[in-house]
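Please walk through this structure by its side-chain contacts, starting with the charged pairs and ending with the rings and the surface.

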Amino acid sequence: VVVLGAGYDSRAYRFQKALPTARFIELDHSPTSVRKQAMVKKIFGKVHSNVTFVAIDFNKETIADTMGQEGYDPNKITFFVWEGVSYFLNDDAVDRTLRFIATRSAPGSEVVFDYLPEAAIKGKSKKYQGVRRVAFRMALAGEPLLSGLPGDVGDVEKYIKDRGLEVLSDVGHEQLVRMYLIGSDGKPDGQPSRYYRIIHARVPAP
């Protein structure tokens, strides 16, 4: 399991009993990774042997270069989690990441990631008005929104296919509510953002 832009993601620890033989590789900026390792040691008394931390600046470094130094095996089926990251990267970094997954992991490997439509990033559509407030806040925090995937859903599927992956699902607000947020009373228990979408893609068989 490779967690791209891991931040303080806790899957490696929450799922340790359910996935006792799985290896987790967490990639993130060095300061965040160092702080997380210190927090893990404080909580658990040690860094778990099934977790490897890799420092990377996605906009400046390639995953291939950094992961190759940590014993990553491209012949093994890998599950990539890329959450809350893609829209903070430039277009080239997004492209490189998807092509790495397609060419440097075994057929059957999968990736799940969220994204913003390019029109939302560029403020071209009225239905994405809420993004402007988010973009303003993130820019003030030093994390500007840099990129989105092109066009409508059909264009996104072509974009992903052109980078060597096949789309299994591409869901937005309405689908996410139906899939995960309908409570026992039949009503939504909260609302996800109306402009973020989540893609599940796979490395196809040769």
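The structure holds 8 salt bridges, a salt bridge being a side-chain nitrogen of Lys or Arg within 4 Å of a carboxyl oxygen of Asp or Glu. The model is predicted, so to speak of its local features requires pLDDT of at least 70, and side-chain atom pairs count only at pLDDT 80 or more, while totals for chains, interfaces and linings use all residues. Residues are numbered from 1 along each chain as its sequence is written, and side-chain values use heavy atoms, with hydrogens and water left out.

One of the salt bridges joins Lys 36 and Glu 26, at 2.7 Å from N to O. Lys 36 belongs to helix α2 and Glu 26 to strand β2 (residues 24–28), so this pair links distant parts of the chain, 10 residues apart. Helices (H or I, at least four residues) and strands (E, at least two) are DSSP runs, numbered from the N terminus. Lys 36 has a relative accessible area of 4% and is buried; Glu 26, at 2%, counts as buried too. Here buried means under 20% relative accessible area, exposed means over 50%, and partly exposed lies in between (1.4 Å probe, protein chains only).

Asp 95 and Arg 163 form another salt bridge, their closest N and O atoms being 2.7 Å apart. This pair also links distant parts of the chain: Asp 95 is in helix α4, and Arg 163 is in the loop between α7 (153–162) and β6 (166–171), 68 residues apart. Both Asp 95 and Arg 163 are buried. Arg 163 has a second contact, as its charged end sits over the ring of Tyr 159, 3.7 Å from the ring centre. The criterion is that NZ of Lys or CZ of Arg is within 6 Å of the ring centre and within 35 degrees of the ring normal. Arg 14 likewise lies over the face of Phe 15, at 4.9 Å from the ring centre.

Lys 158 counts as exposed at 52% relative accessibility, and Asp 162 as partly exposed at 41%. Elsewhere, Asp 9, Arg 11 and Glu 83 are linked in a network of salt bridges.

The rings come next. The structure holds 8 aromatic pairs. Rings of Phe, Tyr and Trp (its six-membered ring) pair if their centres lie within 6.5 Å; planes under 30 degrees apart count as stacked, over 60 as edge-to-face and the rest as tilted. Tyr 13 and Phe 44 form a stacked pair, with 5.2 Å centre to centre and 20° between the planes. Because Tyr 13 lies in helix α1 (residues 11–14) and Phe 44 in helix α2 (residues 30–44), the pair ties together parts that are 31 residues apart in sequence. Tyr 13 counts as buried at 14% relative accessibility, whereas Phe 44 is partly exposed, with a relative accessible area of 41%.

The pair of Tyr 72 and Phe 100 is tilted, because the ring centres are 5.7 Å apart and the planes stand at 40°. Tyr 72 is in the loop between α3 (63–68) and β4 (79–82) and Phe 100 in helix α4 (residues 91–103), so that distant parts of the chain, 28 residues apart, are linked. Both Tyr 72 and Phe 100 are buried. Ring pairs also link Tyr 87, Phe 88, Tyr 195 and Tyr 196 into a cluster.

Phe 44 has a part on the surface as well: Tyr 8, Met 39, Ile 43 and Phe 44 form a nonpolar patch there, with about 410 Å² of accessible area together. Patches are made of residues with over 30% relative accessible area and no salt bridge, with like charges joined within 9 Å and nonpolar side chains (Val, Leu, Ile, Met, Phe, Trp, Tyr) within 5 Å. Accessible areas come from the Shrake-Rupley method with a 1.4 Å probe; for residues, only the protein chains shown count as cover. Tyr 8 lies in the loop between β1 (2–4) and α1 and counts as partly exposed at 45% relative accessibility.
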